[in-house]
Amino acid sequence: MMDFYQGQETLLQQASRIVDSEIVPLNQAAGRILAQPLIATADAPAFDNSAMDGYAVCGLDCTAWQVIGTAAAGDTQQLTLQHGQAVRIYTGAGIPNNTDAVIMQENTSVNGDSLCSTRTPATGDNIRRRGEELKQGATLLEKGALLNAQAIGLAASQGANELHVYQKLRVSVFTTGDELVSGNSQLQQHQIYDSNRPMLQASLSEYAFIEIIDGGILPDKLDIITNTLAKAADNSHSIIISGGASVGDRDLVKPALQQLGNIEHWKLAIKPGKPFGWGNIKQCRVMLLPGNPVASFVTFKLLGLPALQTAAGRHIMQALPECYQAKAAFNIVPNQQKRREFLRGTIRFTNNGPEVQPLAKQGSHMLSGCVDAQVLIDIPAQTDIQHGQWVTVYPI
Ligand SMILES: Nc1nc2c(c(=O)[nH]1)N[C@H]1C(S)=C(S)[C@@H](COP(=O)(O)OP(=O)(O)OC[C@H]3O[C@@H](n4cnc5c(N)ncnc54)[C@H](O)[C@@H]3O)O[C@H]1N2
Ligand code: MOO
């Protein structure tokens, strides 16, 4: 069976981007993905300006300066100093011509129009120089950047009022299984409520670059699954389908996908989530998630979501789930598990660094054991874990 990391890499490399781009107003671009690099149209700062409230002075050899005027942020006139002169200046105001330094007001004393400094100023003190942050023509944001609040602010700082972004990735979400019932229906014997579709849609709804299409619950009937997926593939960039991914006679998603397109890969050596697989129907990427709710959640977070992000235009390195190292506050000795395990755990930040502890209820059918989890703990197959050892954790 393929290891998780090999599977993740293969999946992401095959997730070729298929969405077109569009132009949206800046105030609707938050959370979208940039389809063209954003280039600085002006230097930043655009003009030399003061970093402090104080006095702009000319002549650092002087012991006193004559204050000849005021420069406030937004003043449009350009002042000029002669040797021995100063201007009262405020943070963000344009620097007068011939200014040698700005002295912050806490280091000055003023008597009438005569200014003295309590400290010796040095050339360039408290002056923010034109272009010191960015030069005109510099790349502000790379193609594929996620437009978070900081990115929107940076684009706005350059006067951008619309941005070229990738169109939303249309993702159809299905669950399968004759036992599944939506929350608004009465349960019959041996039926259960569908938890995976609301869960997957809730996770997808955090991403502004994704448009969710609710496919509903599919019965365990090959012709219905095949017909429904064929239609969905025409109308979606990606399909996520949970359940029916395993080996039972009623596990019909794989046969349906084989009829309609191809299966690229099926089964990874991970727990939970072994029957995860993916393939294509024409241009549409289809991801098969296991039905067990925790297996569905874990494979979605670590595999499905990164693949959707690359399909939506993000770079692989940015789409990979974030992880960090924490110290195991537990032992697994001997570890005889043949699959890499992703235990659900909690983190405690101590003076020794972050410590991680698995939660009880680790069954892949036990969503309640997942609710309080802050991280997935990566436990490599057949590798003992000693108390205090560093392990990789993925925030969820
Ligand atoms: N003989 C084998 N049986 C199983 C294997 C195996 O290798 N050999 N793998 C097991 C593993 S691991 C998993 S994970 C499950 C996944 O199987 P499927 O993807 O085919 O999922 P289902 O059989 O449809 O369902 C499994 C389980 O989860 C419940 N379920 C399904 N969908 C939902 C939903 N939307 N909401 C709530 N619960 C759901 C379903 O009722 C089953 O209890 O296969 C093992 N079997
Ligand atoms: O992947 Mo299954 O969830 O190991 O039970």
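This is a predicted model: local features need pLDDT of at least 70, side-chain atom pairs count only at pLDDT 80 or more; totals for chains, interfaces and linings use all residues.
Q: What lies 2.9 Å from an oxygen atom of ligand 2?
A: For a polar contact, look for N or O atoms within 3.5 Å of each other. Here, a polar side-chain atom of R339 sits 2.9 Å from a ligand 2 oxygen. K274 takes part through its backbone: one of its polar backbone atoms is 3.0 Å from an oxygen of ligand 2. N292 uses its side chain, where an N or O atom is 3.4 Å from an oxygen atom of ligand 2.

Q: Which residue is joined to V333 by a cis peptide bond?
A: That's P334, and omega for this bond is about -5 degrees. To find P334, go to the loop between β22 (324-328) and β23 (340-350).

Q: What is the phi of N126, positive or negative?
A: Most residues other than glycine have a negative phi. N126 isn't a glycine, yet its phi is positive, at about 60 degrees. N126 belongs to the loop between β9 (114-117) and β10. It counts as partly exposed because its relative accessibility is 24%.

Q: And what is the phi of K361?
A: K361 has a phi near 55 degrees, again a positive value in a residue other than glycine. Look for K361 in the loop between β24 (353-358) and α8 (368-371). With 49% relative accessibility, K361 counts as partly exposed; the exposed class begins over 50%.

Q: Is G131 buried or exposed?
A: The cut-off to keep in mind is that buried means under 20% relative accessible area. G131 has 4% relative accessibility, so it counts as buried. Its place is the loop between β10 (127-128) and β11 (139-141). Setting aside neighbours within four places in sequence, G131 is in contact with D43, A44 and P45. For a sense of scale, compare G131 with D384: they are 253 residues apart in sequence, and their C-alpha atoms are 54 Å apart in space.

Q: Where is N107, and which residues does it touch?
A: N107 sits in the loop between β7 (101-104) and β8 (108-111). Not counting residues up to four places away in sequence, N107 touches C116, S117, T118 and R119. Its relative accessibility is 13%, so N107 counts as buried.

Q: What does A145 contact once its neighbours within four places in sequence are left aside?
A: A145 is in contact with R32, I33 and L34. A145 is part of the loop between β11 and α2 (149-157), and at 11% relative accessibility it counts as buried. If you trace from A145 to T41, you cover 104 residues along the chain, while 18 Å separates their C-alpha atoms.

Notes
Residues are numbered from 1 along each chain as its sequence is written. Chains are lettered from A and ligands numbered from 1 in the order in which they are written. Side-chain values use heavy atoms; hydrogens and water are left out. A polar contact is a pair of N or O atoms within 3.5 Å; within protein, one must be able to donate a hydrogen and the other to accept it, and residues adjacent in sequence count only if both atoms are side-chain atoms. Helices (H or I, at least four residues) and strands (E, at least two) are DSSP runs, numbered from the N terminus. Buried means under 20% relative accessible area, exposed over 50%, partly exposed in between (1.4 Å probe, protein chains only). Contact means heavy atoms within 4.5 Å.
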